[in-house]
Amino acid sequence: MGDMEVTIKEEVRAEIKIWNYVLGYVKIAVVKCAIELGIADVIENYGSPMPLSELATALRCEPSRLNRIMRFMVHDRIFKQEPINQHTVGFSSTPLSRLLMKGGQKSMAALILLMSSPTCLAPWHSLSARVLETGNNISPFEVANGKDLWSYAEANPDFRELFNNAMGCDARLTVQATIEGCPEVFDGVESLVDVGGGNGTALSLLVKAFPWIRGINFDLPHVVAVAAKSDSIENVGGDMFMSIPNADAAFLVWVLHDWDDEECIKILKKCREAIPEDKGKVIIVEAVLEEDKEGDELGGVGLMLDTALMAITNKGKERTLKEWSSVLRQSGFTRFNVKPTHAVQSVIEAYP
């Protein structure tokens with residue numbers, strides 16, 4: 001009887017879970033809707049539980065439809081519903097809703113808008129074809145959009161802005177976690193080149209936290225052309241596969257996972273050439289997968305990122321500790337250490 005009860009419970013859980021797959025897109029669609037309407041910003045700025053009527057007026061939304069959206073998000077614990085008086089309830093912010101604010105310090109809104117855009121959603125329809133094919137490194141993104149991610153961004157200014165904003169959004173979270181969790185990594189570093197630094201968000205945070213650092217924001221010419229100007233940061237355009245500006249340390253955040261091992265080794269060798277042999281190092285901020293660690297929520301995020309890279313990039317992947325060790329050894333680094341942070345990424349210090 002006991003075994004039968006367990007089986008029935010497992011079947012019930014499976015039926016509930018399969019409905020989450022059937023309608024899995026609903027969550028991202030509702031969250032995207034909330035960001036586009038600015039719901040989180042309005043409720044946060046209101047300062048107290050906000051009645052539906054006032055929220056609808058502020059957003060110029062149809063009240064009954066907005067109520068259905070809010071009901072879903074309250075159930076998913078994105079917002080709280082609290083009593084205002086005996087007859088009225090209002091909506092309040094939560095730590096999760098603050099991550100959806102367009103202007104929030106830890107906002108992930110830009111990253112959500114990128115990944116839920118038609119351009120980035122279309123490739124997922126071709127994921128099974130990518131898994132089936134052999135000897136073909138054309139990504140589902142390229143199949144869906146006619147160009148690889150980097151060429152598409154260069155040719156489409158609106159998408160490029162969306163992409164750069166999303167990368168800046170992630171950089172704020174990841175670099176802040178690095179600054180708070182591993183500040184010693186930057187001790188003695190007087191010059192730092194951010195390889196693939198995009199619009200300079202990551203480097204601007206680092207030089208603010210460690211003002212003795214002279215920063216070099218290095219990326220493709222069309223990328224650094226729109227980067228912010230700063231007295232403590234020099235924007236340099238170039239190709240990381242050809243050469244990298246000299247500095248005490250090279251910094252790479254969410255760069256190497258876009259490339260296969262062979263290309264990673266090329267990039268890392270150029271980084272090694274750019275730093276001093278005696279005191280230089282390369283600081284890598286990337287996920288380190290632990291495949292056998294069950295129940296690890298951040299590890300689960302890393303596995304989802306790995307799958308996203310399969311859909312969006314031609315050769316990108318997240319790596320295990322063993323894979324990182326192999327890539328770094330083949331790039332000429334003699335030793336490295338890994339430091340966890342409160343983000344999905346860890347900090348890897350690699351030495352010549």
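**Labels and their cut-offs**

Tutor: Y152 and F159 are both buried, where buried means under 20% relative accessible area, exposed over 50% and partly exposed in between, with a 1.4 Å probe and protein chains only. This is a predicted model, in which local features need pLDDT of at least 70 and side-chain atom pairs count only at pLDDT 80 or more, while totals for chains, interfaces and linings use all residues. Residues are numbered from 1 along each chain as its sequence is written, and side-chain values use heavy atoms, with hydrogens and water left out.

Student: What makes the pair of Y152 and F159 edge-to-face?

Tutor: Rings of Phe, Tyr and Trp (its six-membered ring) pair if their centres lie within 6.5 Å; planes under 30 degrees apart count as stacked, over 60 as edge-to-face and the rest as tilted. By this rule there are 10 aromatic pairs. The ring centres of Y152 and F159 are 5.1 Å apart and the planes stand at 80 degrees, so the pair is edge-to-face.

Student: Why is the pair of F186 and F251 called tilted?

Tutor: The centres of F186 and F251 are 6.2 Å apart, with 55 degrees between the planes, and the pair is tilted. F186 lies in the loop between α12 (157–181) and β4 (191–195) and F251 in strand β7, so the pair ties together parts 65 residues apart in sequence. Helices (H or I, at least four residues) and strands (E, at least two) are DSSP runs, numbered from the N terminus.

Student: How do you know that F251 is buried?

Tutor: Its relative accessible area is 0%, so F251 falls under the 20% limit.

Student: Which residues do ring pairs link into a cluster?

Tutor: The cluster consists of F141, W150, Y152, F159, F163, F241 and W259.

Student: Why is H257 called buried?

Tutor: H257 has a relative accessible area of 5%, and the limit is under 20%, so H257 is buried. H257 is found in the loop between β7 (249–253) and α15 (261–274). Leaving out residues up to four places away in sequence, H257 touches E286, L309, G316, K317, E318 and R319, a contact being heavy atoms within 4.5 Å. An unreviewed UniProt entry places the feature "active site" at H257; UniProt positions are in the numbering used here, feature names are shortened, and annotations may be inferred rather than shown by experiment.

Student: How do you know that the buried residues of α4 line one face of the helix?

Tutor: In α4 (residues 52–59), L55, A56 and L59 are buried. Seen down the axis of α4, these residues fall within an arc of 100 degrees, so they line one face; the arc is that of the directions from the helix axis to the C-beta atoms. On the other side of α4, S53 and T57 are exposed.

Student: What is the mean pLDDT of the protein chain?

Tutor: The mean is 91, and 96% of the residues reach 70 or more; pLDDT is the predictor's confidence in each residue, from 0 to 100.
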